[in-house]
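Dear colleague,

Please find below the sequence and structure that I am handing over to you. My notes on what was found follow directly after.

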Amino acid sequence: MNPKLILFIFLLHAGLVAAQTKVNTEKFNKKNEASLKVDKDILEITWPTGANSKGKIEFNMRKDEPLFKRIQLNSNVVATELDPAFLLSIGKRDLMSQNGWMIFFDKVPLKPYKNYPIELKKNSFSVSSIGSRTVVTVSSLSADRFAGNLEVTFYNGSPLFNVAAVMSTKEDATAIVYDAGLMDTKNAWKTISSITTEGKIIDAPVNKTDTAVNLAVKYRTIAASNGSGTLAIFPAPHQYFYPLDEAFNLKFTWHGTKYRKMLDGYGIGIRQDLKGDNRFVPWFNAPPQTKQRMNFFCLLSDQLGEAAFTEVKKFTNNDAYAKLPGFKTMSSHFHNEIVMKVLMANRELPEVPDFMKVFKSTGIDIVHLAEFHYTAHPKGPDELRLLELKTLFDMCKQYSDDEFLLLPGEEPNEFFGGHWLQFFPKQVYWIMQRKQGQPLYEEHPVYGRIYHIGDKDDMLKLLEMEGGLAWTAHARTKGSVNAPDVYKDEAFFKSDRFMGAAWKAMPADLSEPRLGKRVLDLLDDMNNWGEKKTIIAEADLFTITPENEMYAHLNVNYMMLDKLPKYEEGWNPIVEAMQKGKFFTSTGEVLIPMLTVNGKTSGETIKLDAAGNVNIKMHLKWTFPMNFIEVISGDGNKVYRDRVDLTNTRAFGDQVFEFKKKLKGCKWLRVEAWDTAVNGAFSQTFYIGK
């Protein structure tokens with residue numbers, strides 16, 4: 001047979017197969033404002049992007065052609081012939097040496113691991129509606145032991161969409177990281193844009209022959225333009241960053257050809273450094289059968305350059321914590337070690353140190369330090385310890401003013417077991433050693449009253465006498481693997497001077513719809529133990545510089561305070577708010593300006609009505625579209641979860657929710673709220689009286 005005829009028949013058959021590709025639309029709701037159209041081998045999704053604007057994406061269902069045939073915002077064609085690309089690195093999780101999946105002290109990249117491109121086969125397409133969202137699912141994805149589907153989610157009211165490789169494995173003890181992006185298969189992009197760590201926008205012409213490079217940028221974003229519009233790519237601002245000791249900017253974006261010598265062609269995207277900060281590098285947990293959502297966000301703009309980044313930055317309030325009337329923001333647990341490494345070493349601090357630039361630029365009002373972490377002399381000699389404390393106090397006073405408080409704190413790790421932090425409402429001089437026959441306290445000619453602490457009983461007396469607080473740092477992981485569980489029956493833990501524990505998004509697991517499950521579960525346990533405890537967010541970071549990727553690793557507590565106390569007058573109002581649960585915690589994108597249960601605020605005791613119900617009123621503000629509110633309650637034995645679906649919400653919302661919940665038999669409740677990028681906020685506990 002004629003070779004040309006054979007080729008013609010083959011191409012005709014391929015075309016017929018493509019034309020016969022069916023799209024499952026059984027779960028698509030035609031009333032959710034998005035529309036779809038199938039024309040032979042093209043699936044077209046159109047969705048409202050706000051302000052009488054529409055986005056449109058054409059999916060090419062032919063197996064050997066780029067997935068995104070055309071991406072359009074109104075009449076502007078923003079991109080053509082793009083393919084999503086994912087690289088999956090698979091390593092081994094240490095489940096034996098500490099506490100299983102909660103381990104932080106793991107060094108995954110020092111053990112054998114392998115890297116795989118994730119392969120997309122385009123076996124089938126389906127379109128479903130979830131609230132105000134439209135999800136296109138493409139089957140199937142595979143990479144070594146992982147398998148799953150590609151999900152592309154469109155959000156009504158915003159030119160935002162999410163591209164996710166949703167995959168799972170059957171194998172145990174697996175840790176992962178992923179890189180992702182979009183490949184420009186037809187070389188249509190003309191300009192690549194990013195923002196340097198100094199805040200300068202860089203627009204660079206595309207050179208298709210340039211080998212891929214990694215960039216250190218602000219706002220975790222890289223963008224490409226074809227001259228008609230811009231497509232920006234960025235990760236979930238907190239979820240994508242597994243916990244490390246340092247918040248170094250490890251060049252989390254990339255662009256160029258042959259990225260990691262594993263992707264063909266030219267692309268842009270997000271990335272992780274496999275070696276992290278070269279300390280403990282735990283990667284992400286990937287337990288068996290969990291659906292790991294390896295994703296990135298795209299934002300479309302019909303503008304070029306700076307205008308596109310302006311829209312992206314709105315999702316994180318320009319990487320800052322928004323001001324709320326009646327609240328002051330507080331962040332805790334920073335091992336700056338300025339006292340020992342700079343001041344006690346007779347090195348000079350600049351007039352405005354880097355750490356002050358960071359805290360003020362991110363909108364933090366109150367910073368609680370954790371100095372002297374294995375660097376100082378907690379047990380003396382006495383005069384040296386007292387001088388170190390005075391230097392700390394003087395530094396904090398120097399950098400505090402009417403709008404910002406820098407407050408002293410330590411991570412003593414003596415007496416109680418595990419790691420813990422302390423916080424006094426004023427300057428307190430104390431030494432972590434008490435010799436036989438030495439009094440608990442004495443008067444010093446220079447420093448006034450000083451304390452000698454020899455054991456847990458002494459420490460509790462000090463906290464009681466000076467109105468201080470203590471709490472477990474990084475509970476149930478790191479140096480507190482068994483804490484506070486191991487001392488939950490001790491007098492010091494049961495005291496109201498032991499606040500509870502600290503929360504951080506650790507460990508990381510891309511299958512979870514919330515961050516920091518470890519300590520949220522602990523709060524539920526403490527509530528069921530019958531203890532009135534609170535949990536405060538902690539950063540637990542060392543180096544604090546403007547060049548770092550600080551925002552991804554930060555979190556704050558919104559304290560119910562109308563004004564900041566003055567440093568020289570003490571800061572007891574902050575300590576009281578912490579101890580009484582008068583605050584909520586946030587990653588920054590979700591805020592709770594008001595939350596009442598039966599008219600009362602967190603930390604207070606409420607009563608159920610005759611039917612066992614409570615009335616909850618919750619004011620939420622958010623940037624990314626919300627996913628859910630969850631009311632968590634307990635009866636002293638079990639924990640109950642009641643979810644309020646928020647998938648009908650759009651980006652940048654401000655709404656008051658009121659609902660009734662039946663809590664008969666329960667002794668406590670608390671409330672969480674999480675968005676589609678797994679950013680969130682949560683309250684402290686409400687107690688239920690008889």
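In which helix is Thr391 found? Thr391 belongs to helix α5; helices here are DSSP runs of H or I of at least four residues, strands are runs of E of at least two, and both are numbered from the N terminus. With a relative accessible area of 15%, Thr391 is buried, where buried means under 20% relative accessible area, exposed over 50%, and partly exposed in between, for a 1.4 Å probe and protein chains only. Apart from neighbours within four places in sequence, Thr391 is in contact with Val339, Leu343 and Met344, contact meaning heavy atoms within 4.5 Å.

Please note that this is a predicted model, in which local features need pLDDT of at least 70 and side-chain atom pairs count only at pLDDT 80 or more, while totals for chains, interfaces and linings use all residues. Residues are numbered from 1 along each chain as its sequence is written, and side-chain values use heavy atoms, with hydrogens and water left out.

Domains

The chain is divided into domain 1 (23-315) and domain 2 (318-583), with bounds that come from an automatic or database domain assignment. Taken over C-alpha atoms, the centres of domain 1 and domain 2 are separated by 37 Å. To the contact between them, domain 1 gives 37 residues and domain 2 gives 31 residues.

The largest pocket

The largest pocket holds about 650 Å³ of space. A pocket is an open set of points on a 1 Å grid over the protein atoms alone, where a 1.4 Å probe fits and protein lies on both sides within 12 Å along at least five of seven lines; lining residues have an atom within 4 Å of a point. Grid points are joined across faces, edges and corners, and the volume is the space filled by probe spheres set on the points.

The lining of the largest pocket consists of 28 residues, and those nearest its centre are Ile130, Glu151, Arg293, Asn627 and Thr676. Two or more lining residues come from each of β8 (119-130), β9 (133-143), β10 (146-155), β11 (160-168), β21 (292-301), β37 (626-634) and β38 (639-645). Domain 1 (23-315) and domain 2 (318-583) each supply at least three residues to this lining. Sorted by class, the lining has eleven nonpolar, nine polar and eight charged residues; Ala, Val, Leu, Ile, Met, Phe, Trp, Tyr, Cys and Pro count as nonpolar, Asp, Glu, Lys and Arg as charged, and the others, Gly among them, as polar.

Salt bridges

Side chains of opposite charge can pair when their charged atoms come close. The whole structure has 45 salt bridges, each defined as a side-chain nitrogen of Lys or Arg within 4 Å of a carboxyl oxygen of Asp or Glu.

One of them joins Asp402 and Lys566, whose closest N and O atoms are 3.1 Å apart. Because Asp402 lies in the loop between α5 (382-399) and β24 (405-407) and Lys566 in the loop between β32 (556-559) and α10 (572-580), the pair ties together parts that are 164 residues apart in sequence. Asp402 is exposed at 59% relative accessibility, and Lys566 is partly exposed at 36%.

Another salt bridge is formed by Asp245 and Arg279, at 3.2 Å from N to O. This pair links distant parts of the chain, 34 residues apart: Asp245 is in the loop between β17 (230-234) and β18 (253-257), and Arg279 in the loop between β19 (266-270) and β20 (284-285). Asp245 is buried at 4% relative accessibility, whereas Arg279 is partly exposed at 34%.

Glu672 and Arg670 also meet in a salt bridge, at 2.6 Å from N to O, and both residues are buried. They belong to a salt-bridge network that also includes Arg514, Lys517, Asp521, Asp524, Glu630, Arg641 and Arg643.

Backbone

Most residues other than glycine have a negative phi, and most peptide bonds are trans.

- The peptide bond from Ser139 to Ser140 is cis, with omega near 5°; Ser140 is in strand β9.
- The peptide bond from Ala483 to Pro484 is also cis, with omega near 10°; Pro484 lies in the loop between β29 (469-472) and α7 (491-494).
- Tyr219 has a positive phi, near 65°, and is in the loop between β15 (213-215) and β16 (222-225). Tyr219 is buried, at 13% relative accessible area.
- Val678 has a positive phi of about 60° and is in the loop between β40 (668-675) and β41 (680-683). Val678 is buried, at 8% relative accessibility.

With kind regards
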